[in-house]
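Here is a walk through the fold, from the overall numbers down to single residues. Keep the viewer open and follow along.

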Amino acid sequence: MEQTIVRHDWTHQEVKALFEMPFNDLLFKAASVHRANFNPNEVQISTLLSIKTGACPEDCKYCPQSGHYKTDLERERLMEVDKVVEQARVAKEKGATRFCMGAAWSDPKERDMPYIAKMVKQVKELGLETCMTLGMLDNDKAHALKDAGLDYYNHNLDTSPEYYQQIITTRTYQDRLNTIDHVRNAGMKVCSGGIVGMGEQAADRFGLLIQLANLPQQPESVPINMLVKVKGTPLENVDDLDHFEFIRTIAVARIMMPLSYVRLSAGRNAMNEQMQAMCFFAGANSIFYGDKLLTTENPEADADMMLIKKLGMNPETRHDYSDEAYEASLASKVADKATSELFYQA
Ligand code: SF4
């Protein structure tokens, strides 16, 4: 088998040429890269919980959690550690191997750090991988999270550097790159991707993928989100992105970042099963699982399991579980409403 070469010198012209390939050729190429590096019939499953919701001081135009916009979102303060751990336990029972905790902050404050560290430690003790998304991190906080045992930190680049100013004005692209740098220097794995369908040009989608792929080390996890248009946010009426363009974005991300997990994230609710299947073929191999992705709806967790089964695929975790446990997770009603309200997106 040919050895995979991970490149960090992608150019605009090369990426444009990939996007403009005939659709079937692009998918074949992406699927070939995928199978050379992963089991194409396995999908990694993560669950995401909002540990602090709303009233964020940042002004990300797509986000219902921003305090700058009037949305129907209910604000919640930082969740108690015990409640977070209980949700993590439920997520594990449902087949998740990674538990992501997200807080709508510009950055975590000193006073929050002891609680955050406790959460990481206790969730990890359940045998789950841990991931957090808390906003910007300086060097000290990145090291504190690493010391608490955090495996992954999520910090998205969102879009191209050129389009970024249209989307966020309260922090810079360089701030984002600095946070990713601090996460790397502290020895944690990086989860970073972006959102498409925000009214950007094709060149901005190229630009986003170039930024991610050309980082000194490519992110281990690359979430590709399709904008979920939320009423009250400035992007609520933006034009839809053509679904084939979304699938192309997944395929090109797979080719450019051959060893990364490419994650289907927010926006899956607007995709039918056939489209999701095509995304898996194009190289997506990770999903968020649960009734809610951040504050927007996510396909019912049961429906996810049924789709995975229909496609003859397995959750990547299956090897860690008995077949009985897997079958039980397929058969059981996944979430009761009382707890499912807490699931959300990154
Ligand atoms: S995306 Fe994150 S940083 Fe931006 S407004 Fe929403 S919660 Fe705040």
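Two residues are in contact if their C-beta atoms, placed from the backbone, lie within 7 Å. With that cut-off, residues 24 or more positions apart account for 81% of the contacts in the protein chain with a separation of 6 or more.

## Ground rules and overview

This is a predicted model, where local features need pLDDT of at least 70, side-chain atom pairs count only at pLDDT 80 or more, and totals for chains, interfaces and linings use all residues. Residues are numbered from 1 along each chain as its sequence is written.

The protein chain has 13 helices and twelve strands. Helices (H or I, at least four residues) and strands (E, at least two) are DSSP runs, numbered from the N terminus. Buried residues make up 49% of the 346 residues in the chain. Buried here means that 20 or more other C-beta atoms lie within 10 Å of a residue's own; 12 or fewer makes it exposed, anything in between partly exposed, and the C-beta atoms are placed from the backbone.

In soluble globular proteins, nonpolar side chains tend to be buried together. Here the largest nonpolar core holds 90 residues, and Tyr 153, Leu 209, Ile 250, Ala 251, Ala 253 and Ala 282 touch the most other members. Helix H9 (residues 243–256) supplies the largest share of this core, eight residues. (A nonpolar core is a set of buried Ala, Val, Leu, Ile, Met, Phe, Trp, Tyr and Cys residues joined through C-beta atoms within 7 Å.)

Leaving aside neighbours within four places in sequence, Ala 282 is in contact with Leu 27, Ala 30, Ala 31, Ile 247, Ile 250, Ala 251 and Arg 254. Helix H10 (residues 273–281) has Gln 276, Met 278, Cys 279 and Phe 280 buried. Just after H10, Gly 283 takes a positive phi of about 120 degrees.

## Strands on the inside

Strand S1 (residues 42–52) is largely enclosed by the rest of the structure, because nine of its eleven residues are buried. Two strands count as paired if DSSP finds at least two bridges between them. S1 pairs in the parallel sense with strand S2 (residues 98–103) over six bridges, and Leu 49 has Met 101 as its bridge partner there. Three bridges join S1 to strand S9 (residues 286–288), again running parallel, with Ile 45 partnered by Ile 287. Strand S12 (residues 314–315) is parallel to S1 too, joined by two bridges, and Val 43 stands opposite Pro 315.

Strand S7 (residues 221–226) has six of its six residues buried, so it is largely enclosed by the rest of the structure. In a regular strand the side chains alternate between the two faces of the sheet. In S7, Ser 221, Pro 223 and Asn 225 point one way and Val 222, Ile 224 and Met 226 the other, and all are buried. Strand S6 (residues 194–196) runs parallel to S7 and is joined to it by three bridges; Val 196 stands opposite Met 226.

Which residues of helix H5 (residues 139–148) are buried? They are Lys 141, Ala 142, Ala 144 and Leu 145. Just after H5, Gly 149 has a positive phi of about 110 degrees.

Asp 158 has a positive phi of about 75 degrees although it is not a glycine. You'll find Asp 158 in the loop between S4 and helix H6 (161–167). Is Asp 158 buried or exposed? Asp 158 is buried, because 25 other C-beta atoms lie within 10 Å.

## Around Ala 213

Ala 213 lies in helix H8 (residues 202–213) and is buried, with 23 other C-beta atoms within 10 Å. Not counting residues up to four places away in sequence, Ala 213 touches His 8, Trp 10, Gln 218, Met 256 and Met 257. The C-alpha atoms of Ala 213 and Pro 258 are separated by 9.6 Å, with the two residues 45 apart along the chain.

Asp 9 sits in the segment before helix H1 (12–19). Asp 9 counts as exposed, with 8 C-beta neighbours inside 10 Å. The C-alpha atoms of Asp 9 and Ala 213 are 8.1 Å apart, although 204 residues separate them along the chain.
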